[in-house]
Amino acid sequence: MSSLLTNASAMTALQTLTATNKNLTAAQTRISTGMRVSTASDNAAYWSIATTMKSDNAALSAVKDAIGLGAATIDTMYTALDTTKEIVT
């Protein structure tokens, strides 16, 4: 059904503005997240790789924290043994 009040130029301009707004929204999402692929719908393969890398990074961070705690424990034990040796001597 066609309308007598349809303006073809206005409809074309509206479609162009809609497409531009969609692209702008995608660009703003990329800028705000700092990631080119922020959801699986952007690019499933890259999103999967990025998610795995984030998980690996978090795991390595936990290992680093645990190693730091172990080093601090060994330092405390070394100081205690050194003090004990001095007392015995």
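Which residue caps the N-terminal end of H1? In this predicted model, Asn 7 does so, through a side-chain oxygen 3.2 Å from the backbone nitrogen of Ser 9. Local features need pLDDT of at least 70, side-chain atom pairs count only at pLDDT 80 or more, and totals for chains, interfaces and linings use all residues. Residues are numbered from 1 along each chain as its sequence is written, and side-chain values use heavy atoms, without hydrogens and water.

The protein has two helices and zero strands (DSSP runs numbered from the N terminus: H or I, at least four residues, for helices; E, at least two, for strands). Helix H1 covers residues 8-33, 26 residues in total. Its first and last C-alpha atoms are 38 Å apart, close to the 38 Å expected at 1.5 Å a residue (1.5 Å times one less than the number of residues). Gly 34 follows H1 with a positive phi, near 75°.

Of the 89 residues, 2% are buried (under 20% relative accessible area; exposed is over 50%, partly exposed in between; 1.4 Å probe, protein chains only). The protein exposes about 7,900 Å², and carbon and sulfur atoms supply 65% of it (Shrake-Rupley method, 1.4 Å probe).

Ile 49 belongs to helix H2, residues 44-88. Ile 49 is partly exposed because its relative accessible area is 48%. Thr 89 lies in the segment after H2. Thr 89 counts as exposed because its relative accessibility is 79%. A polar atom of the Thr 89 side chain is 2.8 Å from the backbone oxygen of Lys 85.

Notes
A polar contact is a pair of N or O atoms within 3.5 Å; within protein, one must be able to donate a hydrogen and the other to accept it, and residues adjacent in sequence count only if both atoms are side-chain atoms.
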